[in-house]
Amino acid sequence: MSKQWLTMSMGDLGRAIGAGEIDPVALTQTYLDAISAHEFKDRIYARLTEDRALAEAKAASERASSGQRLGLLDGVPISWKDLFDTAGVATESGSALLKGRVPDRDAEVLRSTTAQGLVCLGKTHMSELAFSGLGLNPVTATSPCVNDHDAVSGGSSSGAATSVAFGLAACGIGSDTGGSVRIPSAWNDLVGLKTTSGRVSSDGVVPLAARFDTVGPLCRTVEDAALMLAALEGRTPIDLRGAQVTGARLLVLENGLDGARDQPKAGFDSALDRLMNAGAEVTRAHLPIVDEALAMSGVLFTTEAYATWYNEIEAQPDLMFPEILERFRAGGQFTGVDFVSAWQRLDAIRDEYHQLVAGYDAVVLPTSPIMPPNVERLLSDHDYYVEENLWALRNTRVGNLMGSCGLSLPTGLPSTGFMMLGAPLAEERLLRLGAAVEAVLA
């Protein structure tokens, strides 16, 4: 029976704990044993926090026995991307530049979830300093895609996704600056929630580009995403009951279909057909201002990322994966005038974009226009690495550039995702729509 726990949703695990059917200590030990025995454990987890996990599970077990549970997720074990500070445990953001960095307090979101009884299993691998959508990291480890072990799992929250996809955590907490929650979620058949920038605390989270950085869960169901959003914020989760697809107004952003490869496009088209058959109202449009915003990605993301890490990078550049080093250094070619001008234009584009899409419940497009690339080819072919990284991030970056919240759902075709973008700070509305879409696609 315990092996079945490894594939259950967080919500179902929480309900079983509440019903006395699962003991949190037994559940946590089952996960720790599964991690220990797994062939990819060292490519998924950077380090475990066994003592903490078992202590937290024991406290959850005692609360469950005495009828004092802190909430539905009390006693459910999850993983944390290795850029969330953990007191007394190394947090290195996938980089040798930060080797041996041990914070003295937990990130605020970890403190919030711990206060609600969730169990911290450990820290997961990631792209170096979170600056790639592929998840390739020869400096620390490269997590394999659940559907193709010779391919990357998507980044930068690569281990967060695979910890869930391989049954080694009930949820992975990641970050999304340009797609880092949604890409690995799509490529590993998970649900991924990108929150609005500034909504969820980034205190104690190693930054990449603070204006774009967001925190979000990678999990099995939309219910789990809603539960985890509430846990990260320390509040009561929303009610998803009664959500319907009938009458939902969806805008297909055709910019996201341009150049999309056959399999991601097939997964998206199949999902869209099912939603239309269920009563969704679909409109299609190509928005030139989105292309204009995407063309400014270099100055907007890369300049801030390089400015954030310039001192550490240039002190020891040889410690870095050359592809990531090159990408960071590209930020040095822009001037302060370039950066400020780009942000001023982006602010104007955001206003125009949100006026154009205000009449729709969601803007939809394939989560990624490509499939997970092959690890060995990425390591041996520089041009292929650069091209695939840009393609991987092309669609998800739309959400970051526009300041939207976003949700990626599995389409049913392996490693392809259906992405919905909502208005800023409209996560609750997007999650309710996502629950209805999930019911149709399932």
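1. Let's start with the charges: the protein chain has 36 positive and 55 negative charges, and their mean positions lie 3 Å apart. Here Lys and Arg count as positive and Asp and Glu as negative, while His and the chain ends are not counted. Each charge is placed at NZ of Lys, CZ of Arg, CG of Asp or CD of Glu.

2. A word on the ground rules: this is a predicted model, in which local features need pLDDT of at least 70, side-chain atom pairs count only at pLDDT 80 or more, and totals for chains, interfaces and linings use all residues. Residues are numbered from 1 along each chain as its sequence is written, and side-chain values use heavy atoms, with hydrogens and water left out.

3. Now the overall build. The protein chain holds 18 helices and 13 strands; these are DSSP runs numbered from the N terminus, with helices being H or I of at least four residues and strands E of at least two. Its C-alpha trace spans about 60 × 55 × 35 Å along the principal axes. The radius of gyration is 20 Å, which agrees with the value near 22 Å that a compact globule of 442 residues would have. That radius is taken over C-alpha atoms, and the globule rule is 2.2 Å times the number of residues to the power 0.38.

4. Next, surface and packing. The accessible surface of the protein chain comes to about 15,800 Å², and 50% of it belongs to carbon and sulfur atoms; areas come from the Shrake-Rupley method with a 1.4 Å probe, and for residues only the protein chains shown count as cover. Of the 442 residues, 60% count as buried, where buried means under 20% relative accessible area, exposed over 50%, and partly exposed in between. Among contacts (heavy atoms within 4.5 Å) with a separation of 6 or more, 77% are between residues 24 or more positions apart.

5. The largest nonpolar core has 106 residues, and Met228, Phe328 and Met420 have the most contacts inside it. Helix α9 (residues 222-233) gives the largest share of this core, eight residues. Apart from it lies another core of 27 residues, including Leu251, Leu253, Leu300 and Trp343. A core in this sense is a set of buried Ala, Val, Leu, Ile, Met, Phe, Trp, Tyr and Cys residues joined through side-chain atoms within 4.5 Å. As for methionine 420, its contacts beyond four places in sequence include Ala362, Val363, Val364, Cys405, Leu430 and Val437.

6. Helix α2 (residues 10-18) is worth a look in your viewer. Its buried residues are Met10, Gly11, Leu13, Gly14, Ala16 and Ile17. An α-helix has 3.6 residues a turn, so residues three or four places apart point the same way. The cover over the buried residues of α2 includes α1 (2-5), α3, α5 (50-65), β2 and α9. After α2 comes glycine 20, with a positive phi near 80°.

7. Threonine 28 sits in helix α3 (residues 24-37). Its relative accessible area is 0%, so threonine 28 is buried. Leaving out residues up to four places away in sequence, threonine 28 touches Ala53, Leu54, Ala57, Pro77, Val119 and Leu121.

8. Some backbone geometry deserves a check. Most residues other than glycine have a negative phi, and most peptide bonds are trans. Glycine 155 and serine 156 are joined by a cis peptide bond with omega about 5°, and serine 156 lies in the loop between β5 (148-152) and α7 (158-165). Serine 93 has a positive phi near 50°; this residue lies in the loop between β2 (77-81) and α6 (108-115) and counts as buried at 1% relative accessibility. Alanine 130, with a positive phi of about 70°, is in the loop between β3 (119-124) and β4 (144-145) and is buried at 6% relative accessibility.

9. Arginine 43, in helix α4 (residues 41-44), is partly exposed at 27% relative accessible area, and touches His125, Ala141, Thr142, Ser143, Pro144 and His149, residues up to four places away in sequence not being counted. Isoleucine 370, found in the loop between β11 (362-366) and α15 (375-380), is buried at 0%. From isoleucine 370 to glycine 259 the C-alpha distance is 9.1 Å, although they are 111 residues apart in sequence.

Terms used. Buried < 20%, exposed > 50% of the residue type's maximum accessible area, 1.4 Å probe, protein only.
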